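Let's take a look inside a protein together. Have the sequence and the 3D view ready as you read.

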Amino acid sequence: MSVVPALAQGPGNRLTEPLQVHVDRLPRAWRELLDEALASPSFTALQRFVGRRLEEGAVIYPVSPFRALDLLAPEEVRVVILGQDPYHGPGQAQGLAFSVPDGFKRPPSLRNIFNEIAMCFGGDPAVFGNDLERWARQGVLLLNTSLTVEDGLPASHARQGWEAFTDAVIAAVAREPSPKVFMLWGAHAQAKQALLPPDGTHLVLTANHPSPLSARRPPVPFLGCAHFAQANRWLSERGRRPIAW
């Protein structure tokens, strides 16, 4: 089925520049780490696809597809949380998995994430800020497996080359020797465990996705998984600063 372009109007979180412009702005450490992926035929095809959709008038989010990488250096990563697709509503996507601006209605998965944090550490989830940049600046890589999406069309940029690129990001972060925590929620994220070394360098935590459709279901319900407490305890035991969730 062909993808019908959204009208070329919308909020300030629209992508307006070619992907290459954003690649050129990537911090040098990430560009060097990902040079092979960035030079690959699949990434070239992705750039052509995104460029063509922009020319055809599609509204694409977010304005900064690589923001998760822009906010921290590879050696600063302490926790990796994987999402799937950027939010596809106006103004929502920020380039950080699960995060939306503070003034927006809280998405259901983020609501369950905050409920789980409150179960681990206490506090009132109602007053937690929706914008997760505070996590990113502490070393939490909030990475979606596709980094762009079209307005109102979930998964519209899936299987266009993003997955090969973000797999390269995950593998590169996993090769970096400092111990880190990978939180893999749901089957889509858990499939990425194959990219991680099996030697126990990193802590891999798995559970159902925080979506209301699966958060309470077996075999490993998200609510009650205690991942945030486990991550902080494990980081502290290895001399790494815990996250102020």
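What you see is a predicted model, where local features need pLDDT of at least 70, side-chain atom pairs count only at pLDDT 80 or more, and totals for chains, interfaces and linings use all residues. Residues are numbered from 1 along each chain as its sequence is written, and side-chain values use heavy atoms, with hydrogens and water left out.

Start with strand β5, residues 181–185 (strands are DSSP runs of E, at least two residues, numbered from the N terminus). Five of its five residues are buried (under 20% relative accessible area, 1.4 Å probe, protein chains only). In a regular strand, side chains alternate between the two faces of the sheet. Val181, Met183 and Trp185 sit on one side of β5, Phe182 and Leu184 on the other, and all are buried.

Who are the neighbours of β5? Two strands pair if DSSP finds at least two bridges between them. The table shows the pairings.

| Pair | Sense | Bridges | One bridge |
|---|---|---|---|
| β2 (residues 79–83) and β5 | parallel | three | Val79 with Val181 |
| β5 and β6 (residues 203–207) | parallel | five | Phe182 with Val204 |

Now for the cavities: sets of points on a 1 Å grid over the protein atoms alone where a 1.4 Å probe fits but cannot get out, lined by residues with an atom within 4 Å of a point. There are two of 30 Å³ or more, with volume being the space filled by probe spheres set on the points, which are joined across faces, edges and corners. The largest holds about 50 Å³, and strand β3 (residues 140–144) gives the largest share of its lining, three residues.

Note on methods: Buried means under 20% relative accessible area, exposed over 50%, partly exposed in between (1.4 Å probe, protein chains only). Helices (H or I, at least four residues) and strands (E, at least two) are DSSP runs, numbered from the N terminus. On a 1 Å grid over the protein atoms alone, a cavity is a set of points where a 1.4 Å probe fits but cannot get out, and a pocket is an open set with protein on both sides within 12 Å along at least five of seven lines; lining residues have an atom within 4 Å of a point.
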